[in-house]
Each structure stands twice: as C-alpha cells, then as structure tokens.
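Hi,

Here is the structure I promised to pass on to you. Have a look at it first, and then read my notes below.

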Amino acid sequence: MKTTDPAVLDEPKIHEPTADAVIEPAIEGRPRRTAVGIKEAKIYIDGKFYSEADAKISVFDHGLLYGDGIFEGIRFYNGRVFRVGEHLDRLWDSARSICLEVPMAKQGMTEAILETIRQNQLRDGYIRLLVTRGIGNLGLNPMQCKSPSVIIIVAAIALYHENLYRKGLTIVTCATRRCNPGALNPAVKSLNYLNNVMARIEANLADADEALMLNDAGNVAECTADNIFIVKRGQIVTPPVTAGALRGITRSVVFEMATEFGFKTLKADITRHDVYAADECFLTGTAAEIAPVVKVDGRSIGNGKPGPITMRIIARFREMTRQTGTPIFEQD
C-alpha cells in the first residue's frame, strides 16, 4: 500500500542543479500517481475513513459554497508529527475568530490525525486538516449549518521541485494586495484562499516560482503560501503579523533557531527596497519548509546563491524535524 511517490503541490519552472548544489528537500518531488500521492489512500471525514474515490462532502456544505471554514497544513517526519500542538492552537484561534465550533476536543483531534497517518502507512508526509461550517441551505447565513465537518487528508508531497531547493527560488511582486485585516484578517487560515490564488496566478504568468504580496500601505506582507525573511548584515528580519503576515509555525521555529545560533531577529515593516538590498532571502512554510530565494523582480539577492545563514538554518531545521515531534506509532 505504501508508496514514496509524493504529489507535487506546485511545480513551477525547473532550474537545472549546479555543481555546488547541496540543499535537498525533505521529500523529493516526483510525478503523482493519485491525488494525494498514496495508493488506496484513506481519508478521514467526521469519524470515519473513506477511500479516495468514496471521500465526498455535500454540495450544500458551506465550506464549498462560500469558503466558510478553516484549515491547517501539518508535516510529519520520520514517524513524528512536527509541532502538532502549535497547529491545533492556531486552528482553534481561527475557529474562535469566525465563530465556528470545532466539533471535538484537541486531544481527540490529535488522535484522529495520528490514526489517519497510520491508516495510510506513512512515516513522512503532509496533513491537510479542514473544519467546514457544514451542510446548510443556499443562503450564506452560518446559523443554517448545524454540524461542522472535520476532514483529514494525508499526502506525500513536496511544495517545490527539488531543484528549487538547490539553486534557489525566483519571485516577483504581484499587483494583488494582501487582504486588509479590516476585511478578512490574514491571521485566520480560512478556506477562502482566493486572495492568495490570484497572486499565485500572477506568479505563473510571470514564469516565477512565487509571488511577493504587499499590503495596502505598500509594505511587504508575505508570499502566496509562505512567510518571507531577509538577512541584512547578520540580522534576520521578517514582517510582523500586523503587516498581513500569517503567524507561521515554521516562522516561529526560525526565531527559535536564530536565538540558538545567536543571530539577531527583528519583526518590522519592510519594503521591496529592503528585499532587493538584502544579503539573503528565504521563505518559510509548513509545506515549503525553508526555501532560499535568489532573485526578486529580476534583481539578484546577494551573490545570487543561497546564503550561508539561510543554509545553516535549513540544515538545523532538517535536523529538528527528523528528531522531534509527536510519535505516530507505538514503537517510536
């Protein structure tokens, strides 16, 4: 049942590896065989497991009709789920923000996640956890939805092709602005991701690997699926959540590693000029892990190669993900 072929979530243009390439993704990207990259995948829906072919939700679920719901992306490595507690804390925060009652306790949710992984017989992969508003009528009033639904999908994936981790990503600034917190707060990981999708389309049209999103003030917020960091004179800087950046789990891990290494960190508003003039740049996200950026809007960052601080952080992150986390199987 088990396969090592991951589903590649986003596979933009492929860069050829260089002779000095040393960065490898945690899970390699190869053509997918099924939607989740697992033969005979088992998907959790409201307490039961279904085959991929039989895993269905109602067309009247407001998660489908209106994007009314929340989600988390979680990774597991070497038989351990990485930072599951932090992910569930953020899920519950999102739920409270949109007045959605998660229909189970955190302990039960944790066990459901672990059992879904066991059902799929994987030790490394990605979890997509969703809580939808549930079935209602065609009106948008959430009061019509009486029973929220929980869906857990386990996949073997890589966000970017392996060559991008070796040589670095090329990103462009897009015209689509990050949602204003007064409209839809970016802190809520909602199922309505159209803002990010429109920015992703711009990256595709520009033949870039990712898109840099600005906020209404013209400051850098984040990328379509990642937080962004720059390094300048040994200091690591990232936009604050008030700029429209998601409070990323991997983002917080970078702060921990920076403290461990003795690097100075700063959460501050940054402009495109700050990114262009940076010595190094990298992106962070659960699916993306930590990915170096070497070109932004046609401008090379630093010497045009992944920088030494970035590579040190990547190496330490790989070490942490292989050694820490919530055990999935009893023998671990």
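**What I found**

Let's start with a hairpin: β10 and β11 form one, with five residues between them, and G218 in the turn has a positive phi of about 85 degrees. Keep in mind that this is a predicted model. The two strands, β10 (residues 210–214) and β11 (residues 220–223), run antiparallel and are joined by three bridges. If you want a spot to look for, find L214, which sits opposite V220 in β11.

Next comes the sheet. Strands of a sheet pair through backbone hydrogen bonds, either parallel or antiparallel. Here you'll see an open sheet of seven strands, in the order β3-β2-β7-β6-β4-β5-β18, and the pairing is antiparallel. At the edges are β3 (48–51) and β18 (326–327), each pairing on one side only. Inside the sheet order, β6 (residues 125–132) and β7 (residues 149–155) are linked by seven bridges, with T132 opposite S149 in β7. Helix α3 (residues 106–119) lies across strands of this sheet, including β6 and β7, and runs at about 40 degrees to β7.

Finally, take a look at N195 in helix α5 (residues 194–205). Is N195 buried or exposed? N195 counts as buried, because its relative accessibility is 14% and the cut-off for buried is under 20%. Its side chain reaches the backbone oxygen of R177 at 2.9 Å, and also the backbone nitrogen of C179 at 3.2 Å. Leaving aside residues up to four places away in sequence, N195 touches T176, R177, R178, C179 and M213.

Cheers

Definitions and conventions
Residues are numbered from 1 along each chain as its sequence is written. This is a predicted model: local features need pLDDT of at least 70, side-chain atom pairs count only at pLDDT 80 or more; totals for chains, interfaces and linings use all residues. Side-chain values use heavy atoms; hydrogens and water are left out. Two strands pair if DSSP finds at least two bridges between them. Helices (H or I, at least four residues) and strands (E, at least two) are DSSP runs, numbered from the N terminus. Contact means heavy atoms within 4.5 Å. Axes are lines fitted to C-alpha atoms, for helices over the stretch in contact, and angles run from 0 to 180 degrees between N-to-C directions. Buried means under 20% relative accessible area, exposed over 50%, partly exposed in between (1.4 Å probe, protein chains only). A polar contact is a pair of N or O atoms within 3.5 Å; within protein, one must be able to donate a hydrogen and the other to accept it, and residues adjacent in sequence count only if both atoms are side-chain atoms.
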